[in-house]
Amino acid sequence: MPVHRSGSILSRAATAAVALLLAAFSLAFPAAARAADVPARGSAQMGMGVLAHDGQGGTPTTGDATQTEGVDVSGHQGNVAWSTLWSSGVKWAYTKGTEGTYYTNPYFAQQYNGSYNVGMIRGAYHFATPDTTSGAAQANYFVDHGGGWSRDGRTLPGALDIEWNPYGAACYGKTTSAMVGWIADFLNTYKARTGRDAVIYTATSWWTQCTGNYGGFAAANPLWIARYASAPGTLPAGWSYYTMWQYTSSGPTVGDHDKFNGALDRVVALANG
């Protein structure tokens, strides 16, 4: 006759009870259960939504002399080994400067100045949060915290990183027309402050969903397309070519690697305006 050990039975019963309680909590409080998956404000980085929404389908061929290798970095990378990247053929870089009107990258100086000091052409980008403050407020915050431009031949115009919302609804709760208005507010303010048209970084699928595939910015604002594949694919409306292409988040030294659609002299031309 088998002997029942009461301790084991009680332990299993307790475990089952806890599991039932957790399941009940998740059903009763789904928002609280999801909250654990939402990243902290300020932690967003360029392209963080690409893999989840668009996936990955290969990488481009290497050694194309008509394209120039670049990288983009944020606070996630910390102090970057710029000399290693320079030696590997990287000639330009963008550094996250700001997010919303509440975050500045604590590694910005090392990244922005470090890339410049090894010989790269550098720029800064702003991660947009259209649900927190106006486009104008965020453009001013960006310029006031490292996102400006100077005619030194080595500084690229600032970039607006506008993509999936990592903290909530993909389109930040805005209609397509409201999103277009917010972007225009940012771009107009940035140009008024710096004299330059900002670069727009986005993914075609997000742009189509959240702006209605608006084509009105293409005439003035260079396109930085995000697609992790062997080719950049279909571009958003209005742009017949891309200026920059983020093609991977798993490159050497730092994850995010990019191609400039032109030889190094074209990178210099964009810097010079």
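**Close-up views of a predicted model**

**View 1. A salt bridge joins Glu-69 and Lys-259.** In this predicted model, the side chains of the two residues come together with an N to O distance of 2.8 Å. Glu-69 belongs to strand E2 (residues 68–73) and Lys-259 to strand E11 (residues 257–260), so the contact ties together parts that are 190 residues apart in sequence. Glu-69 and Lys-259 are both buried.

**View 2. Asp-144 and Arg-193 form a salt bridge between two helices.** The side chains meet at 2.8 Å, N to O. Because Asp-144 is in helix H6 and Arg-193 in helix H7, the pair ties together parts that are 49 residues apart in sequence. Arg-193 has a relative accessibility of 39% and therefore counts as partly exposed.

**View 3. Asp-131 is paired with Arg-41 in a salt bridge.** The closest N and O atoms are 3.6 Å apart. This pair links distant parts of the chain, 90 residues apart: Asp-131 is in the loop between strand E5 (121–127) and helix H6 (135–147), while Arg-41 is in the loop between helix H2 (30–35) and helix H3 (50–54). Asp-131 is partly exposed at 36% relative accessibility, and Arg-41 is partly exposed with a relative accessible area of 40%. The whole structure contains five salt bridges.

**View 4. The largest nonpolar core has 56 residues.** Trp-92, Tyr-94, Ile-162, Ile-183 and Trp-224 have the most contacts inside this core. Helix H7 (residues 176–194) supplies the largest share, seven residues. A second, separate core of nine residues includes Val-73, Leu-85, Val-90 and Val-254.

**View 5. Aromatic rings pair edge-to-face at Trp-207 and Trp-239.** The count for the structure comes to 15 aromatic pairs. In this one, the ring centres are 5.7 Å apart and the planes lie at 70°, so the arrangement is edge-to-face. Trp-207 lies in helix H8 (residues 204–211) and Trp-239 in the loop between strand E9 (228–229) and strand E10 (244–248), so parts that are 32 residues apart in sequence are tied together. Both Trp-207 and Trp-239 are buried. Tyr-242 and Trp-245 form another edge-to-face pair, 6.0 Å centre to centre with 70° between the planes. Tyr-242 is buried at 10% relative accessibility, and Trp-245 is buried at 3%.

**View 6. Ring pairs link a cluster, and charged residues lie over ring faces.** The cluster is made up of Trp-92, Tyr-94, Tyr-201, Trp-224 and Phe-260. Elsewhere, Lys-91 lies over the face of Trp-86, 3.6 Å from the ring centre. Arg-154 lies over the face of Tyr-116, at 4.0 Å from the ring centre.

Notes: Residues are numbered from 1 along each chain as its sequence is written. This is a predicted model: local features need pLDDT of at least 70, side-chain atom pairs count only at pLDDT 80 or more; totals for chains, interfaces and linings use all residues. Side-chain values use heavy atoms; hydrogens and water are left out. A nonpolar core is a set of buried Ala, Val, Leu, Ile, Met, Phe, Trp, Tyr and Cys residues joined through side-chain atoms within 4.5 Å. Buried means under 20% relative accessible area, exposed over 50%, partly exposed in between (1.4 Å probe, protein chains only). Helices (H or I, at least four residues) and strands (E, at least two) are DSSP runs, numbered from the N terminus. A salt bridge is a side-chain nitrogen of Lys or Arg within 4 Å of a carboxyl oxygen of Asp or Glu. Rings of Phe, Tyr and Trp (its six-membered ring) pair if their centres lie within 6.5 Å; planes under 30 degrees apart count as stacked, over 60 as edge-to-face and the rest as tilted. A charge sits over a ring if NZ of Lys or CZ of Arg is within 6 Å of the ring centre and within 35 degrees of the ring normal.
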